[in-house]
Amino acid sequence: VQLQASGGGLVQAGGSLRLSCAASGRIASINDMGWYRQAPGKQRELVAVIASGGSTNYADSVKGRFTISRDDAKNTVYLQMLSLKPEDTAVYYCSIDGYASDYEGFHSWGQGTLVTVSS
């Protein structure tokens with residue numbers, strides 16, 4: 001199962017971006033879909049996750065500004081980011097886990113997409 005992330009870029013503080021991540025391959029079902037980020041010199045951290053039932057969890061630093069959503073028909077997860085701050089600058093990675101068509105579990109990561117927020 002491969003993930004293709006897109007939507008990163010350069011934006012001014014206060015601006016917005018929408019990230020997308022589409023999974024492809026022999027997918028039977030998807031459980032959690034999430035976004036993580038890694039800023040220079042820092043560890044990768046969870047940004048937001050959405051479960052198969054639709055429940056969500058966010059890092060405190062993004063609550064009220066970011067919204068995660070999913071489209072199961074397209075095997076795609078989105079991250080709408082509003083009111084961006086310079087401290088949101090990072091490489092954003094999507095993560096999806098589920099079961100392939102042979103019923104083997106998988107946990108895949110996207111290639112990362114860079115978000116740069118200028119002050």
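Reader: Where is the place of Ser83?

Author: This is a predicted model. Within it, Ser83 sits in the loop between β8 and β9. Its relative accessibility is 41%, so Ser83 counts as partly exposed.

Reader: What is the phi of Ser83, and how should I read it?

Author: As a general idea, most residues other than glycine have a negative phi. Ser83 has a positive phi of about 50° although it is not a glycine. Asn75, also not a glycine, has a positive phi of about 50°. Asn75 belongs to the loop between β7 and β8. With a relative accessible area of 22%, Asn75 is partly exposed.

Reader: How many disulfides does a search of the whole structure find?

Author: In general, a disulfide is a covalent bond between the sulfur atoms of two cysteines. The search of the whole structure finds one disulfide. The bond joins Cys21 to Cys94, with an S to S distance of 2.0 Å. Because Cys21 lies in strand β3 and Cys94 in strand β9, the pair ties together parts that are 73 residues apart in sequence. Both Cys21 and Cys94 are buried.

Reader: Is the disulfide of Cys21 and Cys94 right-handed or left-handed?

Author: The torsion about the S-S bond is about 55°, so the disulfide is right-handed.

Reader: Which residues of the largest nonpolar core touch the most other members?

Author: The general idea is that, in soluble globular proteins, nonpolar side chains tend to be buried together. Here the largest nonpolar core has 32 residues, and Trp35, Val77, Leu79, Met81 and Tyr92 touch the most other members. Among the elements that give two or more residues to this core are β1 (2-6), β3 (17-24), β4 (27-38) and β11 (113-118). Strand β9 gives the most, with five residues.

Reader: Which residues is Tyr92 in contact with, leaving aside its neighbours within four places in sequence?

Author: With those neighbours set aside, the contacts of Tyr92 include Leu19, Trp35, Val47, Phe66, Leu79, Met81 and Val115. Tyr36, Arg37, Gly112 and Thr113 are also in contact with Tyr92.

Reader: What distance separates the C-alpha atoms of Ser95 and Cys21?

Author: These C-alpha atoms are separated by 8.7 Å, and the two residues are 74 residues apart along the chain.

Reader: Is Arg70 buried or exposed?

Author: Arg70 has a relative accessible area of 17%, so this residue is buried. Arg70 belongs to strand β7.

Reader: Which side chain makes a polar contact with the side chain of Arg70?

Author: The partner is the side chain of Asp72, at 2.8 Å. Apart from neighbours within four places in sequence, Arg70 is in contact with residues including Ile30, Asn31, Asp32, Met33, Ile50, Ser52, Thr76 and Val77.

Methods:
Residues numbered from 1 in each chain as written. Predicted model: local features only at pLDDT ≥ 70, side-chain atom pairs only at ≥ 80, totals over all residues. Heavy atoms only, no water. Core = buried A, V, L, I, M, F, W, Y, C linked by side-chain atoms within 4.5 Å. Buried < 20%, exposed > 50% of the residue type's maximum accessible area, 1.4 Å probe, protein only. Helix = DSSP H or I, 4+ residues; strand = E, 2+ residues; numbered from the N terminus. Contact = heavy atoms within 4.5 Å. Disulfide = S-S within 2.5 Å. Polar contact = N/O pair within 3.5 Å; in protein donor to acceptor, adjacent residues only side chain to side chain.
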